[in-house]
Amino acid sequence: MRSVPATAHRYLTRTAVVLVLATAGLTFPATPARAHGQLAVSKPLTNTIVNDPLERIELYFTERPASHAYFTVTAPGGGRVDNGWSGGQPIRLDKPVQEYSLVDGKWEPHLYHTGFPAMVPVAHWPEKGDYVASYVSVASDGEAVKGSVKFHYNGPATPAPAGWTAPTNGPDPQLLAQTSHGDKPDATGATTGPTPSGVDDPVNTAEAAPQRQDSVAVWLLPAGLVLASALIVGHAARKPPLPAPARRRRNKPPVT
């Protein structure tokens, strides 16, 4: 019986490993994030540089923020510079945001094309540095909508309005009760908790794929593991072929 060449052995081993990983991926897919009312886009975007003093921070969500939503803008020194918030005219998103809903036991994707704004006026810009705009709201399905957008301000300092004092109020107690069960991911690069998706496009990122309930996956993992183990053990046990003996050169008889 001919031995399997070393290159073929390595190929089969790698194939077995890939098979195991692929099988595990089919059997244990990612659970979709039930993100509703998430942040779709902000002005400024997270992790960007602002060179001119803005009148307000604009946050656009896939649903209207709750009437008792809570917004803050914090300066590098830790003081707040926000001055209340209000709604505004919805906009059409440049790129739709995909969210998942559980319908009849299945995760169904939905695309949202409209951004509902929360306008957060900035009273003044006391210094250069990193600013954070934070938000806490609740979606129509009762899920918490919370997160923050961090950006760097590199513009001139501006004075506070006459008679203005930094706000110190906290979230509404009802809002805290509604949102205390966990964080939610959003579609931007904003920090929202332990479950946000990796984001390349700050406007739109698809959530995790819906969980598949295929009956095939029930037996596919054991079968894949058995096959992979057989390939690895079977070919690893075979000794590599011995090198062919060098051919002796025939010396020509001496010429007489």
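Is aspartate 104 buried or exposed? Aspartate 104 is exposed, with a relative accessible area of 78%. Here buried means under 20% relative accessible area, exposed over 50%, and partly exposed in between, using a 1.4 Å probe and protein chains only.

This is a predicted model, in which local features need pLDDT of at least 70, side-chain atom pairs count only at pLDDT 80 or more, and totals for chains, interfaces and linings use all residues. Residues are numbered from 1 along each chain as its sequence is written, and side-chain values use heavy atoms, with hydrogens and water left out.

**Confidence**

pLDDT is the predictor's confidence in each residue, from 0 to 100. The protein chain has a mean pLDDT of 74, and 57% of its residues reach 70 or more. Residues 17-33 stay under 50, and the model has 34 contacts for them beyond four places in sequence. The pLDDT is also below 50 over residues 182-220, a stretch with 101 contacts in the model beyond near neighbours in sequence. A contact means heavy atoms within 4.5 Å.

**Overall build**

The protein chain has 3 helices and 8 strands. These are DSSP runs numbered from the N terminus: helices are H or I with at least four residues, and strands are E with at least two. Along the sequence the pattern is α-β-β-β-β-β-β-β-β-α-α. Of the 256 residues in the protein chain, 34% are buried. Among contacts with a separation of 6 or more, 73% join residues 24 or more positions apart.

**Strands**

Strands of a sheet pair through backbone hydrogen bonds, either parallel or antiparallel. Two strands are taken to pair if DSSP finds at least two bridges between them. Strand 1 (residues 39-43) has 4 of its 5 residues buried, so it is largely enclosed by the rest of the structure. Strand 1 pairs with strand 3 (residues 56-61) in the antiparallel sense over 4 bridges. In strand 3, phenylalanine 61 is the bridge partner of leucine 39.

An open sheet of 4 strands has the order 2-8-7-4, with mixed pairing. Its edge strands are strand 2 (49-50) and strand 4 (70-74), each pairing on one side only. Strand 2 runs parallel to strand 8 (residues 144-153), and 2 bridges join them. Isoleucine 49 stands opposite histidine 152 in strand 8. Histidine 152 is partly exposed, with a relative accessible area of 28%. Not counting residues up to four places away in sequence, histidine 152 touches Thr48, Ile49, Val50, Gly129 and Asp130.

**Backbone in the loops**

Most residues other than glycine have a negative phi, and most peptide bonds are trans.

The peptide bond from lysine 43 to proline 44 is cis, with omega near 5°. Aspartate 104 lies in the loop between strand 5 (91-103) and strand 6 (106-121).
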